[in-house]
Amino acid sequence: MKKRLLALVLGAALALSLLGGCGSGKGDKDSASQETEKESVEEKEEESGDNSGTKADRERADEDPAALAIAQRKADAEKNGKYQKVVFAFYNWTGRPAGTDRIQEKLNEHFREKLGLEVEILLMDSASYTQNARLMLSSGEQIDIFNSCPLGYTACVNDGYCLDLEEDDLIQTYGKGILDTISADYIQACRINNILYGIPQMRDMAMAPGTYCIGQEYLDGIGYDYTSLYEDPRVQDVIYTDYETLDDIFSQLHEKYPDKYVFAVGDNLISQGTGVDPVGGDWFGVLLDPANSLTVENLFTSDLFKEKCQMVYEWNQKGYISKDALTDDTALSAKVKSGSYMAMMAQGKPGYKTQISGECGSPMIVFQTEEDIMKSSAVTGILWHINQGCEDPVAAIQVMELLYTDPDVSNLIIWGEEGTEYVETPDGHITFAQGVNAENSEWYHTMNWLLPNQYIAHIWEGDSLDLWERMEEFNDNSVKSKALGFTFDNSEYATEYTALTNVYDEYIKQIMYGFVDPETGIAQMQEKLENAGLNDYIAAKQKALDDWAAANGVN
């Protein structure tokens, strides 16, 4: 990358010298002559009404390498008639919205002016993102900025997809606004072997596991009184309950609406349904009691895993779950939105009721069954990266900085265009523009939590205006995993990891979706996992965790 940065600086210096009219004559000019020429050029710009910004760019570039890079790109665009492009990839639940091209152009009005470049939004369906992103990253196709959420942070690093963001002081020089925005503790937690490959977004780092979301219309249909159950009637976000109550509600829903499926099951039964910490980023060795213990244990032989799988198995036997669940990869919220399903499970947070209601296309009532927790991968589970093969890392990090620090850019990428997608309300919220709703909006992707900085964007009607203060309290007051910030470099166990993953993929959906008796299915999977090296893998993870804990004074 040093060669790329050196070429950028040299090219920018050349461009600015051309813009300033310097170096075009024979021999050296004395400083007075150069100054006279500089003033002459500036006078001509002012007289001609030239508003290209070259004078301002020169002045900023005298002291600021970031401004120098921007000036270079603007000069190239003026010369070539087209702007450099940075490809920004992410996903949503239902694919590319109809308004993508329009929003992209609105964003580029900002990026051309502020950075001298354009951004291409590469927005994919969640079901295909992992495969498509990996293919692009491995094949050399342009994808400059991407999120590793469904791909796996450690896996992306091991596969060589992620650029070291601090090489040649890249982020310190060209993305300082990012470092000023994100907590230093969160930045530190993103390092693997002390190398910063990714950065988190401004979001809920804690989670409210075991959050079950049920359509309000269906609860109304069975006469269920949810209004009186909120602990704080002023903030009707979540109702705290237990599994017995939940099971009773499901039974009533099934009886009242026999033509619908009660529960849209997914592979999040443990990841979002419990406080188990998948320490190191996978399920092959976990912390069952992360707030109090650093002992890495086998999830699949634990009572907790058996109990959760048994619960879903019983729901399946009762007819609550679709027989097509094993092959239907449609996002859970999209299933509920279709009208064929009444409930789903996820992880909650302050304001989640508004988010999930938007995703499902109708009001949802949110029930929480587990204690708030911040897991070891809370910070690193959803990171933004620059592709190791990116041709211009400086341009990419400057795009990221604008996404993290510019409210206009953040509002566009999160909410869309004011007056078209949304309007402001008298009390400071935003809501749908006239004639627009969740069904026909051309930019209502509901992926606010995934994008770099929702904290500087508007707050949707229905959420409290102090939502982000509440989010910070949520993060601060949650139970913390003792392994918070630990990452496991499993590169020396890549063969075992692949073998374990193959076994896991063979069995896990059948077991967690309730299609096989847990007693039988878990035993079969466990035997194959042991043959694939599970015990050695857990031992290696335990040693790495012990070393990390000793180095960081955690006990």
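Predicted model: local features only at pLDDT ≥ 70, side-chain atom pairs only at ≥ 80, totals over all residues.
**Exercise 1. At what angle do helices α16 and α17 pack, and which residues meet?**

Step 1. Locate the helices. Helix α16 covers residues 393-405, and helix α17 covers residues 407-415.

Step 2. Read the geometry. The two pack at an angle of about 85°, and their axes lie 6 Å apart.

Step 3. Classify the angle. Angles of 65 to 115 degrees count as roughly perpendicular. Therefore α16 and α17 are roughly perpendicular to each other.

Step 4. List the contact. From α16 come Leu402, Leu403 and Thr405. They meet Pro407, Val409, Ser410 and Ile413 of α17.

Step 5. Sort by class. The contact of α16 with α17 has five nonpolar residues, two polar ones and no charged ones.

**Exercise 2. Are helices α19 and α20 roughly parallel or roughly antiparallel?**

Step 1. Find the pair. Helix α19 spans residues 494-512, and helix α20 spans residues 518-531.

Step 2. Take the angle. The axes cross at roughly 175° and come within 9 Å.

Step 3. Apply the cut-off. Angles over 145 degrees count as roughly antiparallel. α19 and α20 are therefore roughly antiparallel to each other.

Step 4. Name the partners. α19 supplies Leu500, Val503, Tyr504, Glu506, Tyr507, Ile508 and Ile511. α20 supplies Gly521, Ile522, Gln524, Met525, Lys528 and Leu529.

Step 5. Sort them. By class, this contact of α19 with α20 has nine nonpolar, two polar and two charged residues.

**Exercise 3. How many cavities of 30 Å³ or more are there, and what lines the largest cavity?**

Step 1. Count. There is one cavity of 30 Å³ or more.

Step 2. Give the volume. The largest cavity holds about 270 Å³ of space.

Step 3. Look at the lining. It has 23 residues, and the closest to the cavity centre are Gln355, Trp415, Asn448, Gln454 and Asp463.

Step 4. The elements giving two or more residues are α15 (352-360), α17 and α18 (467-477).

Step 5. Sort by class. The lining of the largest cavity has 13 nonpolar, eight polar and two charged residues.

**Exercise 4. Which element gives the largest share of the lining of the second largest pocket?**

Step 1. Start with the volume. The second largest pocket has about 680 Å³.

Step 2. Find the centre. Of its 26 lining residues, the closest to the centre are Arg191, Gly485, Phe486, Thr487 and Trp548.

Step 3. Two or more residues each come from α10 (184-189), β4 (191-192) and α21 (534-552).

Step 4. α21 gives the largest share, six residues.

Step 5. Sort by class. The lining of the second largest pocket divides into 13 nonpolar, eight polar and five charged residues.

Notes:
Residues numbered from 1 in each chain as written. Heavy atoms only, no water. Axes fitted to C-alpha atoms, helices over the stretch in contact; angles between N-to-C directions. Helix = DSSP H or I, 4+ residues; strand = E, 2+ residues; numbered from the N terminus. Parallel < 35°, antiparallel > 145°, perpendicular 65-115°, else oblique. Contact = heavy atoms within 4.5 Å. Nonpolar A, V, L, I, M, F, W, Y, C, P; charged D, E, K, R; others polar. 1 Å grid on protein atoms, 1.4 Å probe; cavity = no way out; pocket = protein on both sides within 12 Å on 5 of 7 lines; lining within 4 Å. Points joined across faces, edges and corners; volume = space filled by probe spheres on them.
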